Amino acid sequence: MDIYLPIAEVSLDLFVLLGLGAAVGFLSGVFGVGGGFLLTPLLIFIGVPPTVAVASSANQLVGASVSGVISHWRRGNVDFKMGSVLLAGGLAGSVLGVWIFTLLKRLGQVELTISICYVLLLGTLGGLMIIESIRSMLRLHQSGAGRRRLHQHNWMHGLPLKARFRRSRLYISALLPIGLGFVIGVFSAILGIGGGFIMVPAMIYMLGMPTSVVPGTSLLQIIFVAANVTVLQAYTNRTVDAVLALVLLVGGVVGARIGSRFGTRLRGEQLRFLLAMMVLAVAAKLAFDMTVPPADLYSIASEKG
Amino acid sequence: MSVRHASISEKLACPNYVLIAVLLFWALPAQAQGLAADLTSHLIAITTGFTGVSVVLFGATDGPGDIVVAVRGPEREMTIRRKNRVAGIWVNTDELTFVNVPSFYAVAASHPIDGILSPAASAFYRLGIANLKLEAETPAQSVVVDAFRAALERIQQQTGLFVSRIGKVDFLGERLFRTTIAFPSNVPTGTYLVEVFLVRDKDVVSGQTTPLVVSKVGVDAAVFEFSGRQPGFYGAIAVLTAVVAGWLASLPFRGA
């Protein structure tokens with residue numbers, strides 16, 4: 001059954017769109033990543049114009065994250081205090097990010113910059129994560145018991161403005177999450193993603209948050225970042241297809257529900273290992289795409305009526 | 001003389017007459033010498049369930065001859081990019097913009113065009129994808145322009161917006177003809193021109209142009225129009241809808 005999308009200006013199979021939404025929703029439920037990194041290329045693949053795909057995924061993310069946050073919140077797995085501190089940093093960072101993006105665009109080659117950033121960032125993150133999770137899985141296997149320390153103490157804990165984050169069981173300087181939010185805000189504006197992909201590992205490894213609290217808290221901040229992107233895209237580029245977003249959402253919320261339930265059954269180490277594998281797979285795919293000769297050297301960049 | 005002149009300009013200035021003239025033109029396709037043709041529908045309505053549509057063109061000639069039909073969508077500006085290998089990575093390095101690309105193009109004929117029209121006539125009436133007059137925005141070497149043009153034609157054919165297969169115009173007897181024009185689901189909106197040519201002795205002897213409007217209707221049209229008129233508000237509503245949908249979706253599971 002086909003459905004016509006008014007902004008994308010194409011007809012697509014309703015069930016393909018629902019399935020796509022469900023698959024991406026599942027990932028977001030398990031890991032607390034938005035899934036935009038996966039949804040956008042898939043939409044482009046099935047025939048949605050790239051600009052519409054980027055903007056409409058952001059719109060879909062808003063809804064998917066809301067339902068994700070609600071289900072994590074019911075289990076007490078959202079640190080609202082941490083979320084709002086991260087968000088404050090994130091919004092400030094995205095202003096700088098948009099500025100850098102505009103600069104890159106004027107210099108040309110913004111797409112290549114994005115791809116290289118992705119590969120370096122995801123490759124490094126994924127590599128570190130996989131080493132860490134394998135190590136901790138082995139440790140768990142060998143010693144069986146022996147409570148692991150929540151996090152290592154280092155220079156970060158000497159910073160001023162200490163605050164207590166009860167849900168995360170952390171007593172750290174508020175400058176840390178603000179700074180982290182800022183850096184991620186910069187990246188997410190340049191890369192055009194919600195930032196969950198960078199946010200989740202950073203929360204686990206840099207802030208030392210318990211894995212169970214991470215997805216809900218990450219999704220909480222993605223709601224606002226994605227809402228911001230949706231309004232900006234609708235206003236400046238008119239590329240938000242609300243019908244497309246809504247269809248994806250219907251599939252997405254179902255997937256997210258299943259995903260978040262699945263996620264709570266996994267142990268922290270397993271969750272981190274799977275996430276690391278996924279991060280590496282995306283990085284490898286992007287690196288591969290950059291070097292492999294494209295099927296068609298030519299592409300249509302833009303159309304104006 | 002001067003009185004008559006004044007009355008004509010008065011009539012032309014009066015919007016009612018212009019309106020009537022336009023309506024007449026749309027309702028009754030301009031009758032050309034020796035040729036009359038019309039479409040079964042002058043409006044393609046794109047609704048939520050739109051999956052493409054076929055429109056029948058029918059007509060009559062005043063005697064034997066061949067018919068060639070060309071369908072052109074509204075012209076657009078289109079930028080084509082070309083990738084090159086730089087340090088092992090494929091990068092967009094060159095681009096060329098064509099200013100007048102028809103957003104849709106299809107041709108139908110009663111016999112293969114090469115056999116019934118001289119190459120000069122085909123080129124003059126821009127019949128066939130190769131005969132489209134595409135102008136590059138910036139001057140470039142003809143080798144470069146040709147390469148980009150070939151890419152544009154190829155991509156447009158892949159997406160079904162340039163129909164590479166020549167459609168069939170069927171004659172019923174000697175004078176009545178008909179053909180079916182198929183529009184894909186990704187057909188761009190706007191005013192199309194359907195050109196019908198009567199061909200004799202390898203040349204066009206008569207022609208007629210009929211407009212065809214492709215337009216969104218219903219909910220889709222409303223969404224599209226609203227997104228253009230109140231973009232900020234539209235964005236806010238899109239976000240709000242997503243928030244409500246996300247919240248609603250989590251309700252039935254409560255307690256589970």
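**Entry 1: strand E1 of chain B**

I started with strand E1 (residues 35-39) of chain B, where the side chains alternate. For burial I count C-beta atoms, placed from the backbone: 20 or more others within 10 Å means buried, 12 or fewer means exposed, and anything in between is partly exposed.

Next I looked up the partner of E1(B). E1(B) pairs with strand E3 (residues 53-61) of chain B in the antiparallel sense, over 5 bridges. Ala36(B) stands opposite Ala60(B) in E3(B). Two strands count as paired if DSSP finds at least two bridges between them. The element names are DSSP runs numbered from the N terminus: helices are H or I with at least four residues, strands are E with at least two.

A note on the source: this is a predicted model, in which local features need pLDDT of at least 70 and side-chain atom pairs count only at pLDDT 80 or more, while totals for chains, interfaces and linings use all residues. Residues are numbered from 1 along each chain as its sequence is written, and chains are lettered from A and ligands numbered from 1 in the order in which they are written.

**Entry 2: chain B as a whole**

I then stepped back to chain B, which has 7 helices and 12 strands. Of its 256 residues, 29% count as buried. Among the contacts in chain B with a separation of 6 or more, 71% come from residues 24 or more positions apart. A contact here means that the C-beta atoms of two residues, placed from the backbone, lie within 7 Å.

**Entry 3: the sheet and strand E7**

In which order do the strands of the open sheet of chain B run? I read E2-E12-E11-E4-E7-E8, 6 strands with mixed pairing. Strand E2 (43-46) and E8 of chain B are the edge strands, each pairing on one side only.

I zoomed in on strand E7 (residues 105-109) of chain B, where 5 of 5 residues are buried. Tyr105(B), Val107(B) and Ala109(B) point one way from E7(B), Ala106(B) and Ala108(B) point the other way, and all are buried.

E7(B) has a partner in strand E4 (residues 66-72) of chain B, antiparallel over 5 bridges. Along that pairing, Arg72(B) stands opposite Tyr105(B), and Val71(B) has Ala106(B) as its bridge partner. E7(B) also pairs with strand E8 (residues 167-168) of chain B, in the parallel sense over 2 bridges. There, Ala109(B) has Lys168(B) as its bridge partner.

**Entry 4: nonpolar cores**

Which residues touch the most other members of the largest nonpolar core? They are Val68(B) and Val69(B), in a core of 135 residues. Leaving out residues up to four places away in sequence, Val68(B) touches Val107(B), Ala109(B), Ile113(B), Leu117(B), Leu127(B), Phe197(B) and Val199(B). Apart from that core lies another of 8 residues, including Met78(B), Leu96(B), Phe148(B) and Leu152(B). A nonpolar core is a set of buried Ala, Val, Leu, Ile, Met, Phe, Trp, Tyr and Cys residues joined through C-beta atoms within 7 Å.

**Entry 5: where chain B meets chain A**

I found 48 residues of chain B in contact with 47 residues of chain A. On the chain B side, the elements that give two or more residues are strand E5 (75-86), strand E6 (89-102), helix H5 (142-158), helix H6 (218-229) and helix H7 (231-250) of chain B. H7(B) gives the most, with 15 residues. This side of chain B divides into 24 nonpolar, 16 polar and 8 charged residues. In that tally, Ala, Val, Leu, Ile, Met, Phe, Trp, Tyr, Cys and Pro are nonpolar, Asp, Glu, Lys and Arg are charged, and the others, Gly among them, are polar.

**Entry 6: loop residues**

Most residues other than glycine have a negative phi. I noted Asp201(B), not a glycine, with a positive phi of about 50 degrees, and Lys202(B), also not a glycine, with a positive phi of about 65 degrees. Asp201(B) lies in the loop between strand E11 (190-200) and strand E12 (203-216) of chain B, and Lys202(B) is in the loop between E11 and E12 of chain B. Is Asp201(B) buried or exposed? Asp201(B) counts as exposed because it has 8 C-beta neighbours inside 10 Å. Lys202(B) has 14 such neighbours inside 10 Å, so it counts as partly exposed.
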